[in-house]
Amino acid sequence: MTNPYLAGAAGRCPRCGEGVLFDGFLKVAPACDACGAAFTKADSGDGPAVFIILIAGFLMAFGAMFHMIAFNPPIWVLLVLWLPLTVIVVLGLLRPMKGLMVAAQFAQNASQAGGDDVRK
Ligand SMILES: [Zn+2]
């Protein structure tokens, strides 16, 4: 049995763990190319961004402040080092975090209110 959370974080289908979850860098594929699971209902919305802001914000702010206090480098060293590092960390976290959130929705059978959830 595939762990849907690990598979999602790795960019794999949360149901079978074989097919790819993404169709591009962050665009979720319409369905799994291995087992046919539909990803159309999964919409992570702002979820990944919130967690990345909290996680990367803490790591980068703490790291830069620790660096500044411990080594007292010139300000340009801080900018040249920590700004690109922040971009790299954020871009590195985006895909796994979005995959994790889509997989969590898929595993919990969650969907957006509306469409066929609403009784007519
Ligand atoms: Zn699949």
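Guide: Let us begin with a term: buried means under 20% relative accessible area, with exposed set at over 50% and partly exposed in between. The model is a predicted one.

Visitor: Which residues of helix 2 are buried, and what covers them?
Guide: An α-helix has 3.6 residues a turn, so residues three or four places apart point the same way. In helix 2 the buried residues are G47, P48, I52, A56, M60, G63 and H67. What covers these buried residues includes helix 3, residues 75–107.

Visitor: What length does helix 2 reach from its first C-alpha to its last, and which residue follows the helix?
Guide: Helix 2 runs over residues 47–71, which is 25 residues, and at 1.5 Å a residue a span of 36 Å is expected. The reach from the first C-alpha to the last is close to that expectation, at 36 Å. The helix is followed by a residue whose phi is positive, near 45°, namely N72.

Visitor: Which protein atoms are donors of the zinc ion, and what is their arrangement?
Guide: The donors are the SG atoms of C13, C16, C32 and C35, lying 2.2 to 2.3 Å from the zinc ion. Four donors count as tetrahedral if all angles lie between 85 and 135 degrees. Because the four donor atoms here subtend angles of 106 to 112°, the arrangement is tetrahedral.

Visitor: Is C13 buried or exposed, and what is the state of C35?
Guide: C13 has a relative accessibility of 0%, so this residue counts as buried. C35 has a relative accessible area of 29% and is therefore partly exposed.

Visitor: Which residues make up the largest nonpolar core, and which of them lies in helix 3?
Guide: The largest nonpolar core has 10 residues, made up of C13, L21, F22, V28, A29, C32, A37, F39, A42 and V102. Among them, the zinc donor C32 is in contact with C13, C16, G19, A37 and F39, leaving aside neighbours within four places in sequence.

Visitor: What does V102 touch, and how far in space is it from A42?
Guide: At 1% relative accessibility V102 counts as buried. Not counting residues up to four places away in sequence, V102 touches L21, V28, A42 and S44. V102 and A42 are 60 residues apart in sequence, while their C-alpha to C-alpha separation in space is 5.6 Å.

Notes:
Residues numbered from 1 in each chain as written. Predicted model: local features only at pLDDT ≥ 70, side-chain atom pairs only at ≥ 80, totals over all residues. Heavy atoms only, no water. Helix = DSSP H or I, 4+ residues; strand = E, 2+ residues; numbered from the N terminus. Expected span 1.5 Å × (residues − 1). Buried < 20%, exposed > 50% of the residue type's maximum accessible area, 1.4 Å probe, protein only. Contact = heavy atoms within 4.5 Å. Donors = N, O, S within 2.8 Å, 3.2 Å for Na, K, Ca; no water. Tetrahedral: all angles 85-135°; square planar, octahedral: opposite > 155°, others 65-115°. Core = buried A, V, L, I, M, F, W, Y, C linked by side-chain atoms within 4.5 Å.
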